[in-house]
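Hi,

Here is the structure I promised to pass on.

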Amino acid sequence: MIKITGLTKRFGDLTVLQNVSTEIGKGEVISIIGPSGCGKSTFLRCINLLEKPTAGEIFINGENISDRRADVNRLRQKMGMVFQSFNLYSHLMIIENLMLGPQKLLKTPRQQAFDNGMKYLEMVGLAGKAYSYPDELSGGQKQRAAIARTLAMKPEIVLFDEPTSALDPTMVGEVLAVMRKLATEGLTMLIVTHEMKFARDVSTRVLYMDEQGIYEEGSSEQVFDHPQRPKTRAFIHKIRSFVHKIEGKHFDLYAFNARLEQFLKRHMFTEKKINTMLLISEELLCNILPDIEGEYMLEYSDETGETTVTVSYMKEEEENPLTSEEHSLPLMIIQNSAKDVSYHFADNKNTIKITLEG
Ligand code: ADP
Ligand code: MG
């Protein structure tokens with residue numbers, strides 16, 4: 001359906017994309033992952049002609065859209081784009097936001113635009129908000145309305161650029177649920193996202209971008225579980241782990257909890273599991289190891305479902321805090337949820353490791 005050949009994009013001296021080629025078939029759900037600044041947004045924006053490629057060609061259903069003679073507006077209508085920020089017109093009601101594009105660009109009659117708009121609002125669970133203004137909606141609702149507005153243009157493919165990263169963590173789930181539904185209904189989607197669990201579940205293909213192009217691609221399983229190339233491996237490892245410096249007396253539990261909760265939500269941990277993780281971490285950092293200077297790391301594996309929490313700190317003598325009588329209560333709380341709790345000492349480095357089952 002879409003064919004990209006030799007796509008290159010430079011901004012002045014900066015080459016962001018170098019000779020990228022790929023094809024996207026109808027019904028494919030492709031996730032694009034990669035470090036910040038590697039060119040993911042630029043890639044989407046070139047496909048959508050929001051940026052002019054420096055070189056290369058993009059075909060949609062055989063038509064060369066990078067050709068100067070192409071009817072860019074008509075072609076762009078085949079591609080919807082959903083951004084981080086919702087870009088709804090604040091002076092228009094939600095239903096009017098949905099009717100505007102079809103009436104103006106597709107010349108759809110008013111009544112039909114209304115009926116269609118309502119249909120898409122229903123699809124994203126917002127029929128009840130048709131007559132509300134954007135400011136009366138939560139962030140998650142706004143993004144769902146923005147998705148409905150995009151669908152109302154009946155695009156053949158929808159490009160999503162980090163659609164949940166501007167949202168409060170509590171609202172990410174509702175937007176992902178809508179996207180998940182669209183994916184199962186056969187919509188062709190190209191999604192830049194940090195939501196790895198989501199990407200893993202819905203993608204027919206995953207593209208890892210780095211070094212000015214598609215550095216590695218494959219099925220979810222290939223890219224997430226068995227990455228072949230070094231940068232992909234490092235990236236996958238990094239996104240699965242949460243690291244937080246613990247700064248002795250100045251340790252800020254509230255800031256720590258907020259960050260950890262956000263990480264766990266992003267990886268689709270259940271509410272119950274998140275609470276367990278927060279409780280265990282608090283017992284460990286505030287009651288068993290108060291005032292340490294060190295590092296907290298949480299890692300999880302999609303394959304085994306196992307989560308490990310490792311806290312390490314420097315102290316010259318070997319002293320196992322887990323055997324101390326005064327820690328028996330917090331330790332019991334931890335052991336209640338954990339499969340294993342262990343202490344390790346080497347080179348003045350003390351490490352406590354907690355393993356939890358999936
Ligand atoms: P990502 O979405 O992967 O984080 P971007 O595509 O936004 O990355 O950006 C890739 C690189 O291109 C970055 O170094 C960014 O600073 C640069 N860049 C993006 N847009 C422009 C622009 N309009 N002008 C100049 N540089 C840009
Ligand atoms: Mg981006």
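Let me start with a salt bridge: the side chains of Lys231 and Glu211 meet in one, at 3.1 Å from N to O. By salt bridge I mean a side-chain nitrogen of Lys or Arg within 4 Å of a carboxyl oxygen of Asp or Glu. This pair links distant parts of the chain, with Lys231 in helix α9 (residues 230-239) and Glu211 in the loop between β9 (205-210) and β10 (213-218), 20 residues apart. Helices (H or I, at least four residues) and strands (E, at least two) are DSSP runs, numbered from the N terminus. Lys231 is partly exposed at 36% relative accessible area, and Glu211 is partly exposed at 47%. For those labels, buried means under 20% relative accessible area, exposed means over 50%, and partly exposed is in between (1.4 Å probe, protein chains only).

Before the rest, some housekeeping. This is a predicted model, where local features need pLDDT of at least 70 and side-chain atom pairs count only at pLDDT 80 or more, while totals for chains, interfaces and linings use all residues. Residues are numbered from 1 along each chain as its sequence is written, chains are lettered from A and ligands numbered from 1 in the order in which they are written, and side-chain values use heavy atoms, with hydrogens and water left out.

The structure holds 16 salt bridges. Another one is Arg180 with Asp201, whose closest N and O atoms are 3.3 Å apart. That pair also links distant parts of the chain: Arg180 sits in helix α6 (residues 169-184) and Asp201 in helix α7 (residues 196-202), 21 residues apart. Arg180 has 28% relative accessibility, so it counts as partly exposed; Asp201, with 40%, is partly exposed too. Then there is Lys315 with Glu319, a salt bridge at 3.1 Å from N to O. Lys315 is partly exposed at 32%, and Glu319 is partly exposed at 41%. Finally, Lys9, Arg45 and Glu51 are linked in a network of salt bridges.

The ligand

What surrounds ligand 1? Its shell is made of Phe11, Leu14, Val16, Pro35, Ser36, Gly37, Cys38, Gly39, Lys40, Ser41 and Thr42, where a residue is counted if one of its heavy atoms lies within 4 Å of the ligand. These residues divide into 5 nonpolar, 5 polar and 1 charged. In that scheme Ala, Val, Leu, Ile, Met, Phe, Trp, Tyr, Cys and Pro are nonpolar, Asp, Glu, Lys and Arg are charged, and the others, Gly among them, are polar.

The elements that give two or more residues to the shell are β2 (14-24) and α1 (40-47), and α1 gives the most, with 3 residues.

Core and overall build

The protein chain has 12 helices and 15 strands, and its C-alpha atoms fill a box of roughly 75 × 45 × 35 Å along the principal axes. Of its 358 residues, 51% count as buried.

In soluble globular proteins, nonpolar side chains tend to be buried together. Here the largest nonpolar core has 38 residues, of which Leu121, Ile147, Phe160, Met179 and Met189 touch the most other members. A core is a set of buried Ala, Val, Leu, Ile, Met, Phe, Trp, Tyr and Cys residues joined through side-chain atoms within 4.5 Å. The elements that each supply at least two residues are α3 (94-105), α4 (110-123), α5 (139-152), β7 (157-161), α6, β8 (188-192) and α7, and α6 gives the most, with 7 residues.

Lys154, in the loop between α5 and β7, has a positive phi, near 50 degrees, in a residue other than glycine. Lys154 is partly exposed, at 46% relative accessibility. Glu162, in the loop between β7 and α6, also has a positive phi, near 45 degrees. Glu162 is buried, with a relative accessible area of 15%.

Cheers
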